[in-house]
Amino acid sequence: MTIVKEGDTIRRTDICLRCPQGCQVETILGENDEILSISGNRCKLGKEYVEQEIRDPRRVLPTSVAVRGGVRPLVPVWTPEPMPKDLIMDLARETRSIEVEAPVHVGDVIIDDWRGLGIQLVASGEVAKVE
Amino acid sequence: MAFNTDYDVIVIGGGPAGLAAAIEAYRATQGRVLVIERNDSLGGILPQCIHNGFGAINFGSDLPGPEYAYRYETELRALPIDILLDTMVVDLSADREIYAMNSTDGYLRFRPKAVVLAMGCRERTRAQIRLPGTRAAGIYTAGTVQRLVNIEGYMPGNEIVILGSGDIGMIMARRLTIEGARVSRVLELLPFLTGLRRNYVQCLEDYGIPLELITTVNRIFGEKRVEGIETIRVNENLEHIPGTERQIACDTLVLSVGLISENELSRNAGVEIDPHTNGPFVDESMATNVPGIFAAGNVTAIYDLVDYVRKAGAIAGRSAAEYARTTGATTTASGTDRGGSRSIRITAGENVGSVIPQRLDLSSIDGRETYISLRPRTLIEQMVKVEFDAGDESVFSFREQYARPAEMIIHKLRAKDIQKLHAGDADELVVNIV
Amino acid sequence: MKHDSYDVVVIGAGIVGSMVARELSKYRLSVAVLDKESDVGMGQSTSNSAIIHSGHDPQPGTDKARFNVRGNQLWFEIARDLEIPIERTGAMIVAVEDDDPAGLEELAERGRTNGVPVEILSREAALEKEPMLTPETVGALWTPTAGIVDPFQGVVGAAENAAENGVEFILNTEVTGAIIEAGHLVALETSVGRIATRVCINAAGVHSDEIMHMFGVRPEFEITARRGEYFVFDQAAMRIGTVLFPMPSEKGKGILVTHTTHGNTMVGPNSDYISDKEDHSTTEKGMHEILDGAQRLVPAVSARSVIATFAGLRATGNYKPVPDHGRDFLIERSAEVEGLINLAGVESPGYVAAPAIAERAVELLRETGLDLEKKKDWKPTRTAIPRFHHLSHEERDVLIREDPAYGRIVCRCEEVTEGEILRAIRSPIPATTYDAIKRRTWLGTGRCQGSFDYPRTMEILARELGLSMTEITKKGPGSVFLYRRTKEEVL
């Protein structure tokens with residue numbers, strides 16, 4: 001993301017993350033940070049992305065947590081709904097001390113409503129229990 | 001020792017291409033299908049790809065790899081398809097004799113009616129890029145690190161440098177950072193990003209990991225364990241620029257310097273390999289030059305998106321099943337005359353690195369979905385025209401928003417393209433990006 | 001260490017030390033071999049051209065010549081007894097356009113003087129033997145008695161046989177001093193304590209000068225590490241059936257194009273004096289040199305098909321008993337310290353000469369007055385680990401039935417099974433590191449260079465040795481692969 005001040009306006013350039021194409025979207029912001037124009041997006045998702053990114057940048061956190069008693073030591077997890085970008089490393093750090101009990105199934109909620117922000121950490125893999 | 005001849009189709013490899021092939025092979029003719037997989041689980045590389053982004057094109061989904069693989073595996077297991085895990089295919093002959101082995105059943109021999117090669121790819125190594133220096137512990141390819149971190153559950157080091165801005169390199173830069181290591185930088189030999197731009201943002205920019213273009217590693221230090229590297233800049237001919245060397249302390253060097261299709265078995269079977277892709281020559285039905293042997297997925301060329309691997313796998317599976325049903329009759333593999341029908345070679349031209357399929361049989365493409373997948377060789381960040389030319393004449397063409405080496409261009413043949421092909425008499429089409 | 005005193009202690013478990021140990025194991029002696037590394041053969045012995053030289057090249061009258069020719073005679077029978085892969089390929093020394101044409105005849109004469117069969121080939125005959133030779137070939141010297149050997153198995157085979165015959169291999173042990181009383185050796189100081197012995201055989205390769213200096217002898221003798229780099233090529237891309245040398249120069253035999261007993265084409269070495277005896281780096285300059293040198297003989301050699309690179313450090317000494325003859329091996333009973341036998345300055349043709357040097361070492365031992373009584377039950381043979389890759393389908397079937405561990409392939413490219421890895425770990429000289437397994441099984445030497453097999457091999461090592469994954473090393477202390485668990489806080 002780059003920001004260039006041009007007189008009274010600001011030109012901001014973002015790469016949209018919504019699909020693999022990665023359109024370079026240009027936004028012109030006014031004196032009060034209001035959006036004056038959006039261009040460069042090949043579909044409406046690009047516009048949605050930039051509006052979100054300016055207001056409240058969010059990202060998905062894909063990581064893993066430890067499993068107790070499972071056929072594998074780790075289960076992959078993620079936040080299906082993007083979470084505030086600046087809190088990602090906090091959640092990442094916390095996942096290093098979580099342990100879940102096997103069996104773990106796709107869709108199992110590992111953390112429900114993290115920090116009261118409605119953020120869910122959900123299992124994205126299966127780990128069977130050791131017989 | 002007897003050969004098992006029960007199967008209509010055997011799929012070698014249980015990753016996305018293999019799973020798609022097996023499912024579609026069964027659906028096509030309800031024949032007997034077997035998947036042979038060397039790992040202890042299905043999914044290929046997907047179980048270790050714990051990042052999201054899978055399924056975007058066809059399903060509008062953004063799933064992590066393991067979940068995508070799980071859904072797929074569930075689909076397959078609902079069908080009467082046989083699976084052999086922990087089993088390695090060690091040989092394949094031109095007569096479709098498969099030799100495989102595992103510790104419980106021992107040495108196994110099969111002779112199915114058709115085979116689908118779906119073995120995927122392997123990573124380019126340090127030696128293959130001839131990187132000078134010591135042979136210390138701490139030098140890894142990115143896929144191996146991904147496996148260690150996500151499956152076995154071990155971190156390769158603390159202070160990490162990554163060479164190569166391909167997707168796997170960027171993904172691992174983020175992954176290692178999330179688990180508490182310090183990735184000091186990602187280096188890229190070329191003057192442009194070789195992976196997806198969105199990965200640059202969500203893996204490097206977001207995590208404050210610098211990307212250094214036109215820079216490569218010149219030397220590795222540390223006799224027992226990596227202690228540091230020397231980086232150097234390169235000019236427009238990718239030659240080292242003396243005087244630009246810098247020494248960087250680190251304990252781990254991760255290499256993300258390219259994927260190579262895995263074709264040892266294919267070669268054994270006499271399958272002709274295209275030097276552009278390092279994978280088999282295939283036609284629109286994913287048939288190789290060897291009758292009854294089909295190929296799909298990364299084994300034919302390196303794909304970026306699993307959705308297209310799935311499509312290719314399905315085509316190969318269906319073709320294999322149909323071949324099995326009508327063995328020896330008129331539907332034969334590419335290169336064989338199907339009673340006077342025309343076959344066209346497709347070759348990579350200007351700005352194109354490789355093309356799949358490399359041959360079209362005109363009698364087969366009517367009424368079928370046929371995809372042409374091409375890998376651009378040059379970065380062109382503006383509208384381009386992709387032309388299919390016979391000599392000076394452009395038989396058909398289409399436009400693309402850009403041409404990026406990081407992104408395969410996939411074109412589904414339109415009715416008008418097929419019409420043009422039938423109307424002309426060319427036996428070769430050169431694909432050019434202009 | 002089982003005892004604190006031995007009849008004979010050998011310093012250095014390379015090919016020379018291992019062949020000496022094997023010879024000594026024929027006698028009723030207590031013998032120990034010390035090596036500072038975590039495995040046998042971690043120096044020159046496993047990073048060389050792997051050639052069983054004919055013996056045409058060394059100056060007549062030198063120890064190099066004498067032991068080369070004798071070693072060549074001994075190797076094939078020893079390799080058969082110890083199940084070491086070896087092939088009598090013959091070799092061609094090729095003269096190309098700007099070489100001095102008289103050089104071939106000079107070499108041939110030298111060969112004849114050394115008692116080595118040689119034949120001068122015309123350009124046509126040379127090209128017929130090897131069609132991939134450069135068209136600039138003008139002629140060649142053919143030496144039919146030369147061959148190639150598996151250098152890893154050579155050391156391991158000799159060492160294991162010695163161990164099975166009672167020799168103790170004490171690894172991870174560095175010699176730090178010698179205790180001498182009245183001009184006679186009485187003990188060695190090592191990193192694991194004092195070892196009493198009256199005979200010490202110095203086969204310490206690149207460090208053999210340092211050992212001498214610890215004994216206070218030959219202060220003028222110095223070894224400089226002389227690095228040689230190599231490339232190994234993908235078999236699918238290139239196969240060559242012959243062994244080719246350029247005309248020799250003052251640097252030595254030059255950059256060869258050869259093949260391993262495994263079938264891979266290999267080229268190298270160049271020659272570079274370096275100051276750090278532990279620096280096994282390859283260099284950009286070196287890589288260009290060996291590629292250029294190889295292409296001078298075989299233009300088809302292409303850098304694109306390289307799958308492995310490595311560097312070896314030759315133990316190049318400064319012992320010149322005859323001024324114009326260049327350097328020679330320094331093989332002697334020390335005149336200054338009774339009990340010290342030096343087998344020093346052993347660079348090329350050291351590998352082929354090793355069995356002959358070992359014979360000489362026993363003679364020198366006799367001269368010290370040590371009573372050498374032959375054992376009646378000495379076992380000359382050794383059973384190697386089966387090479388799954390080379391077995392037929394039927395043989396594989398049988399092997400897997402006998403032991404299911406052979407049914408699990410760990411290294412895809414080289415078809416190395418868990419069964420072989422377990423044999424390596426459980427062998428008379430156990431493999432305890434990744435590289436040790438690699439030397440014994442060729443694991444990780446193929447296209448993927450370990451990418452596929454690393455995690456699985458580490459798991460097997462951890463399980464068998466009762467260690468955690470973070471304790472598994474590539475080549476001994478200081479070379480761990482993994483730093484911690486991903487979820488260290490919990491697990």
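**Exercise 1. The interface of chain A and chain B**

How many salt bridges does the rule find across the interface of chain A and chain B? Describe the interface in the predicted model.

*Solution.*
Step 1. Three salt bridges are found across the interface of chain A and chain B. One example joins the side chains of Asp206(B) and Arg59(A), with an N to O distance of 2.4 Å. This pair qualifies because the cut-off for a salt bridge is 4 Å.

Step 2. Polar contacts are counted next: 12 residue pairs between chain A and chain B, both residues being at pLDDT 80 or more. On the side of chain A that touches chain B, the elements giving two or more residues are β6 (62–68), β7 (74–78) and α2 (88–95) of chain A. By residue class, that side of chain A comprises 19 nonpolar, seven polar and seven charged residues.

Step 3. The extent of the interface follows. Chain A contributes 33 residues to the contact and chain B contributes 36 residues. About 2,700 Å² is buried between the two chains, and carbon and sulfur atoms give 56% of that area.

**Exercise 2. Two domains of chain B**

Identify the domains assigned to chain B, then characterise the contact of domain 1 with domain 2.

*Solution.*
Step 1. The assignment divides chain B into domain 1 (1–124 + 259–337), domain 2 (128–257) and domain 3 (340–434). Their contact draws 11 residues from domain 1 of chain B and 16 residues from domain 2 of chain B. Taken over C-alpha atoms, the centres of domain 1 and domain 2 of chain B lie 32 Å apart.

Step 2. Domain 1 and domain 2 of chain B bury about 1,200 Å² between them, with 48% on carbon and sulfur atoms. Within domain 1, the residues that lose the most area to domain 2 are Gln48(B), Glu123(B) and Arg124(B), together 53% of what that side buries.

Step 3. Between these two domains of chain B the count of salt bridges is zero, whereas eight residue pairs are in polar contact, both residues at pLDDT 80 or more. The side of domain 1 that touches domain 2 divides into four nonpolar, four polar and three charged residues.

**Exercise 3. The setting of Ser285(B)**

Is Ser285(B) buried or exposed? Locate the residue and list its contacts.

*Solution.*
Step 1. Ser285(B) lies in the loop between β20 (279–280) and β21 (293–295) of chain B.

Step 2. Ser285(B) counts as buried because its relative accessibility is 11%, and the cut-off is under 20%.

Step 3. The side chain of Ser285(B) forms a polar contact of 2.7 Å with the side chain of Asp283(B). Leaving aside residues up to four places away in sequence, Ser285(B) touches Phe294(B), Ile315(B), Ala316(B) and Ser319(B).

Notes: Residues numbered from 1 in each chain as written. Chains lettered and ligands numbered in written order. Predicted model: local features only at pLDDT ≥ 70, side-chain atom pairs only at ≥ 80, totals over all residues. Heavy atoms only, no water. Domains from an automatic or database assignment. Contact = heavy atoms within 4.5 Å. Buried area = accessible area lost by both parts, 1.4 Å probe. Polar contact = N/O pair within 3.5 Å; in protein donor to acceptor, adjacent residues only side chain to side chain. Nonpolar A, V, L, I, M, F, W, Y, C, P; charged D, E, K, R; others polar. Helix = DSSP H or I, 4+ residues; strand = E, 2+ residues; numbered from the N terminus. Buried < 20%, exposed > 50% of the residue type's maximum accessible area, 1.4 Å probe, protein only.
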